[in-house]
Each structure stands twice: as structure tokens, then as C-alpha cells.
Amino acid sequence: MKFSNHGTFIDEYNKSELDVDIDRLLEWIACLSENVIVGENFHVHGFSTNDNCEEIMHTFAFEKQLIDGEEQIVYYNTSTEKV
């Protein structure tokens, strides 16, 4: 599966301080997208801990789109909140 705006997602991933390899995360996102139809949104959650030992949930929002006749994953944004 191709990512439309891969660089933007990587920048947000780096800010999140998630303890997961980016290649494994991208593979997981691609696997999840197989169950999504074109035009449908989906979310991926990851967790980290801040300096105060509080758990933070990071929600990455994507949509599967048809771009130039090819299904692609489009990254929209990341939201974070204390759990």
C-alpha cells in the first residue's frame, strides 16, 4: 500500500516518542488499511509515557483514497491525550 504524504506522518511519529519501530508501524498501518474501503477513515493508536510517568495516547488519523487510479493511505493528523 502506498502512502500519499509519508513525510508528514513520519514527522508526527517522531514527535510522539512512541517506542515502536517506524517500519513495523508503517507495515501495521498498511495491514489495517486492507480492511478499509476507499473513502473510509481509520485510526491507529499508540501509547507513550511523559516525564511525569503519565500515559499518553496518540491517535493517528488516515483515510484510504484513490489517487491517480491507485489506492493510497492519506495521513490527516495526530491527536494526543492523557489516558
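Let me begin with a definition: two strands pair if DSSP finds at least two bridges between them. Keep that in mind, everyone, as we walk through this model, which is a predicted one.

Here is a case to start with. Strand β1, residues 2-3, is joined to β4 by two bridges, and the strands run parallel. If you look for Lys 2, you will find Gln 72 of β4 standing opposite.

Strands of a sheet pair through backbone hydrogen bonds, either parallel or antiparallel. In this model there is an open sheet of four strands, in the order β1-β4-β3-β2, and the pairing is mixed. Which strands sit at the edges? They are β1 and β2 (41-49), and each of them pairs on one side only.

What about the helices? α2 packs on this sheet and touches β1, β2, β3 and β4, and its direction makes about 150° with that of β2. α1 also lies across β1, β2, β3 and β4, and runs at about 175° to β3.

Let's go back to the strands and take the pairs one by one. β3 and β4 are antiparallel partners, with 12 bridges between them. How many residues lie between the strands in the hairpin of β3 and β4? There are two, and Asp 68 in this hairpin takes a positive phi near 50°.

The other antiparallel pair to look at is β2 with β3, which is built over nine bridges. Here Thr 49 faces Glu 55 in β3. These two strands also form a hairpin, with five residues between them, and Cys 53 in the turn has a positive phi of about 65°.

Most residues other than glycine have a negative phi, and most peptide bonds are trans. Where is Glu 17? You will find Glu 17 in the loop between α1 (6-16) and α2 (22-33). Glu 17 is exposed, at 64% relative accessible area. Asp 68, for its part, belongs to the loop between β3 (55-67) and β4 (70-82). Asp 68 is exposed too, with a relative accessible area of 80%.

Since Cys 53 came up, a word on cysteines. Cys 53 counts as exposed because its relative accessibility is 67%, and the cut-off for exposed is over 50%. Cys 31 has a relative accessible area of 44%, so it is partly exposed. How many disulfides are there? The count is zero.

Let me stay with Glu 55 for a moment. Glu 55 lies in strand β3 and is partly exposed, at 41% relative accessible area. Which residues does Glu 55 contact, once neighbours within four places in sequence are left aside? They are Phe 47, Ser 48, Glu 81, Lys 82 and Val 83. Take Glu 81: along the chain, Glu 55 and Glu 81 are 26 residues apart, while their C-alpha atoms are separated by 8.6 Å.

The structure holds five aromatic pairs. In one of them, Phe 42 and Phe 62 are stacked, with 5.5 Å centre to centre and 20° between the planes. Why does this pair tie together separate parts of the chain? Phe 42 is in strand β2 and Phe 62 is in strand β3, so the pair links parts that are 20 residues apart in sequence. Are Phe 42 and Phe 62 buried or exposed? Both are buried. Phe 42 and Phe 62 also belong to one aromatic cluster, together with Phe 9, Phe 60 and Tyr 75.

Then find the stacked rings of Phe 42 and Phe 62, and the two hairpin residues with positive phi, Cys 53 and Asp 68.

Note on methods:
Residues are numbered from 1 along each chain as its sequence is written. This is a predicted model: local features need pLDDT of at least 70, side-chain atom pairs count only at pLDDT 80 or more; totals for chains, interfaces and linings use all residues. Side-chain values use heavy atoms; hydrogens and water are left out. A disulfide is a pair of cysteine sulfur atoms within 2.5 Å. Buried means under 20% relative accessible area, exposed over 50%, partly exposed in between (1.4 Å probe, protein chains only). Contact means heavy atoms within 4.5 Å. Axes are lines fitted to C-alpha atoms, for helices over the stretch in contact, and angles run from 0 to 180 degrees between N-to-C directions. Rings of Phe, Tyr and Trp (its six-membered ring) pair if their centres lie within 6.5 Å; planes under 30 degrees apart count as stacked, over 60 as edge-to-face and the rest as tilted.
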